[in-house]
Amino acid sequence: GVARMFVPVLPTVPEKWREGAQSSVELLKQKSSVEKFGAIHEKVEAKDETNETVRGASLRELEAFFAEKDASKGYAGLRRIGDPSDGTAIWTVVADENVEAKLAERGEQRRLEERRHDEYMEDLMAKAAGDERFQELMDNADA
C-alpha cells in the first residue's frame, strides 16, 4: 500500500508463514495438547493416572466428528472391515471380492516386517555382545 510508495523495500512476511504462526499461537492457547480430545482431556485435567479405557467416550466423539464433517456418511468412499487374523479393523476401498486376497497379502507383509525386525535386533545384540563395554554393562546389571 502507501508504505511501499515511500519505502519500496519494506520487508513482508509470506502469507503461509503468517498462517503457520497463527495456528501455532492457537495451539499454544490450549490448556493441554489433548484439549481437542474431550475424553482424554478430562482425564489429564483431573490428573487421574489410573489406567482406564475411554473407548466409549472416544467413539462418541468420533461419531460427533463424522456427524459434523460427513453427514452423508460417505466416508470418502471408504468402508470398515474386520481383519479376522488379528482382530483389527481397517478402512478400505477394496471391493468385496478382493478383500480376502488383500488381507492375506497384508498379513504376509506384516510377517515379513516382523521377521526383518527380529533379524535386525538379533544382529544388533550379536554385535553388542562382541563389544566389551556392552558385556561389562550386562555383567554389572546382573550384580
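**Aromatics, salt bridges and a helix**

Modeller: Let me start with W91, which counts as partly exposed because its relative accessibility is 43% (buried is under 20% relative accessible area, exposed over 50%, partly exposed in between, with a 1.4 Å probe and protein chains only). This is a predicted model, where local features need pLDDT of at least 70, side-chain atom pairs count only at pLDDT 80 or more, and totals for chains, interfaces and linings use all residues. Residues are numbered from 1 along each chain as its sequence is written, and side-chain values use heavy atoms, with hydrogens and water left out.

Colleague: OK, and how many aromatic pairs does a search of the whole structure find?

Modeller: Three. Rings of Phe, Tyr and Trp (its six-membered ring) pair if their centres lie within 6.5 Å; planes under 30 degrees apart are stacked, over 60 edge-to-face, and the rest tilted. Y75 and W91 have ring centres 5.5 Å apart and planes at 55 degrees, so that pair is tilted.

Colleague: Where do Y75 and W91 sit in the chain?

Modeller: Y75 is in the loop between α4 and β1 (79-83), W91 is in strand β2 (residues 88-92), and they are 16 residues apart. Helices (H or I, at least four residues) and strands (E, at least two) are DSSP runs, numbered from the N terminus.

Colleague: Which residues form the aromatic cluster?

Modeller: F65, F66, Y75 and W91 make up one cluster.

Colleague: Switching to charges: what does R79 form with D96?

Modeller: A salt bridge, with the closest N and O atoms 2.8 Å apart. The cut-off is a side-chain nitrogen of Lys or Arg within 4 Å of a carboxyl oxygen of Asp or Glu. R79 lies in strand β1 and D96 in helix α5, so the pair ties together parts 17 residues apart in sequence.

Colleague: Is D96 buried or exposed?

Modeller: Exposed, at 60% relative accessible area, while R79 is partly exposed at 29%.

Colleague: Which residues are linked in a network of salt bridges?

Modeller: E108, R111 and R115. The E108 and R115 side chains meet at 3.9 Å, N to O.

Colleague: Now the helix. What should α5 span, and what are its end C-alpha atoms doing?

Modeller: Its 34 residues (96-129) should span 50 Å at 1.5 Å a residue, and the end C-alpha atoms are 50 Å apart, which agrees. The expected span is 1.5 Å times one less than the number of residues.

Colleague: And which residues of α5 are buried?

Modeller: V99, L103, G107 and A128.
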